[in-house]
Amino acid sequence: MFSPDQENHPAKAPVKYGELIVLGYNGSLPNGDRGRRKSRFALLKRLKANGVKPSTVHIACTPQAAKAISNKDQHSISYTLSRAQTVVVEYTHDSNTDMFQIGRSTESPIDFVVTDTVPGSQSNSDTQSVQSTISRFACRIICERNPPFTARIYAAGFDSSKNIFLGEKAAKWKTVDGQMDGLTTNGVLVMHPRNGFTEDSKPGVWREISVCGNVFSLRETRSAQQRGKMVENESNELQDGSLIDLCGATLLWRTAEGLSRTPTVKHLEALRQEINAARPQCPVGFNTLAFPSMKRKDVVDEKQPWVYLNCGHVHGFHNWGNKEERDGKDRECPMCRSVGPYVPL
C-alpha cells in the first residue's frame with residue numbers, strides 16, 4: 001500500500017491523499033495482489049515532490065528537432081500536427097504537487113498497474129487472451145501536497161523517457177490561449193456522483209478528460225478523432241466517489257476524508273452479531289440462519305445463508321431447483337422463480 005518513497009520510513013504515518021479501487025474484484029485480484037498490480041492503491045504523500053507543470057513551448061519544429069528536445073532530462077508532451085510540424089511542451093518540476101501514474105505498463109513510471117477486468121475471471125490466465133484496450137500509460141493524478149490535498153486527473157502518463165507522444169491520428173488542437181491539448185486513443189472518462197458519495201448519491205454525467213485536464217462531453221464513439229464539446233463549468237478535480245473509466249477497467253476514487261467515515265471491521269462485526277441475535281429465518285425452510293464471522297467465511301456451515309444473485313432473495317441451503325441445461329450452476333428461486341447463481345453469504 002505504500003509508495004516506494006515511504007516503504008523505508010514506516011515510523012511516521014504519511015499523509016494519505018486517497019485510494020483508487022478497481023471495481024469488480026471484491027478486494028483482491030484473482031491470483032492475489034502482487035507488487036504494483038493490485039486491486040487497490042493508496043496515494044500517499046511522497047518524501048520528495050515529483051509533480052510537474054507546463055513550462056516552455058516549442059512551436060513549428062520538425063519531428064527530428066522535437067525528438068532532440070524530448071530527449072532532455074525533463075518531462076515533455078509532443079503533439080504531432082503533421083509530418084513536418086510538431087509542437088513540444090516542456091514540463092518543469094513542481095515542488096507543490098505529487099504525481100501518480102496509472103496504466104497497463106509494468107515500466108517503472110507506472111505507480112499502479114491496471115489490467116482489463118473480465119467478468120467472471122478466476123485467474124490472470126482468463127484475462128491474458130483478451131486484447132487489452134487499456135493504455136500502457138493511461139492517466140496521471142496530480143495531488144497538492146498542502147491542505148486540502150486536492151487531486152486532479154489528466155489523460156495520458158509519461159513513459160520511461162519522461163515523454164507523452166500524441167501522433168498524427170490522435171485528437172489534438174490549439175486552445176484559445178494558444179496552448180496545445182489533446183485526447184488519448186480510447187480516452188479517460190470520469191463521472192462525479194451528485195449529492196456526494198452518500199446514501200443520497202445519484203449518478204452524474206460521464207465526461208472525458210484531456211491531456212491538459214480539461215473537461216469535454218463524450219465523443220460519438222470511444223476512439224473518434226473529433227472531440228466533444230468543452231464543459232467549462234466542470235473541472236478535473238476528483239471527488240469522493242468519482243468513477244474513472246480507462247476503457248477496460250473502472251476505478252473508484254475515495255478521498256482520505258471519505259475513507260475515515262467508512263465502516264470498520266469492528267463495526268461490521270457488531271452488525272453481524274446484531275443480525276444473528278435476531279435469529280433470522282429462511283423464508284422457505286423456516287430454519288434459523290447465522291452469518292459466519294470473517295474467520296469462518298470459507299467454511300460453509302449448515303446455518304449459513306445463501307443468496308440468489310439475480311433477485312437477491314436469501315435462503316438457507318437447499319439442493320433442489322438445479323437447472324441441468326446450465327450445468328447445474330444456476331438455481332430457481334422458490335420465492336420469485338428467477339433463475340441465477342446461488343452462492344453462500
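About 40 Å³ of space lies in the second largest cavity. The model is predicted, and the cavity count for it comes to two at 30 Å³ or more.

The lining of the second largest cavity draws on Val22, Tyr25, Leu29, Arg37, Lys38, Val113, Val114 and Thr115. By class, five of these lining residues are nonpolar, two are charged and one is polar. Arg37 and Lys38 are among the lining residues, and Arg and Lys count as charged. Thr115 also lines this cavity.

## Overall build

The protein has 345 residues, and 41% of them count as buried. Its secondary structure comes to five helices and 21 strands.

Consider contacts between residues with a separation of 6 or more: 58% of them involve residues 24 or more positions apart. The protein exposes about 19500 Å². Carbon and sulfur atoms supply 50% of that area.

## Cysteines

The disulfide count comes to zero. Cys282 shows why for its own sulfur: the closest cysteine sulfur, in Cys333, is 10.0 Å away, and a disulfide needs the two sulfur atoms within 2.5 Å. That gap is too far for a bond.

Cys282 has a relative accessible area of 4%, so it is buried. Cys247 is at 16% relative accessibility and therefore counts as buried too. The cut-off for buried is under 20%.

## Backbone features in loops

Cys247 also stands out in its backbone. Its phi is positive, about 60 degrees, although Cys247 is not a glycine. This residue lies in the loop between strand 16 (243-245) and strand 17 (250-255).

Asn195 has a positive phi as well, about 70 degrees, and is not a glycine. Its loop runs between strand 13 (188-191) and strand 14 (207-209). Is Asn195 buried or exposed? Asn195 is exposed, because its relative accessible area is 53% and the cut-off for exposed is over 50%. Cys247, by contrast, is buried at 16%.

A cis peptide bond joins Pro147 and Pro148. Omega there is about 10 degrees. Pro148 is found in the loop between strand 8 (139-144) and strand 9 (151-155).

Key:
Residues are numbered from 1 along each chain as its sequence is written. This is a predicted model: local features need pLDDT of at least 70, side-chain atom pairs count only at pLDDT 80 or more; totals for chains, interfaces and linings use all residues. Side-chain values use heavy atoms; hydrogens and water are left out. Helices (H or I, at least four residues) and strands (E, at least two) are DSSP runs, numbered from the N terminus. Buried means under 20% relative accessible area, exposed over 50%, partly exposed in between (1.4 Å probe, protein chains only). Contact means heavy atoms within 4.5 Å. Accessible areas come from the Shrake-Rupley method with a 1.4 Å probe; for residues, only the protein chains shown count as cover. On a 1 Å grid over the protein atoms alone, a cavity is a set of points where a 1.4 Å probe fits but cannot get out, and a pocket is an open set with protein on both sides within 12 Å along at least five of seven lines; lining residues have an atom within 4 Å of a point. Grid points are joined across faces, edges and corners, and a volume is the space filled by probe spheres set on the points.
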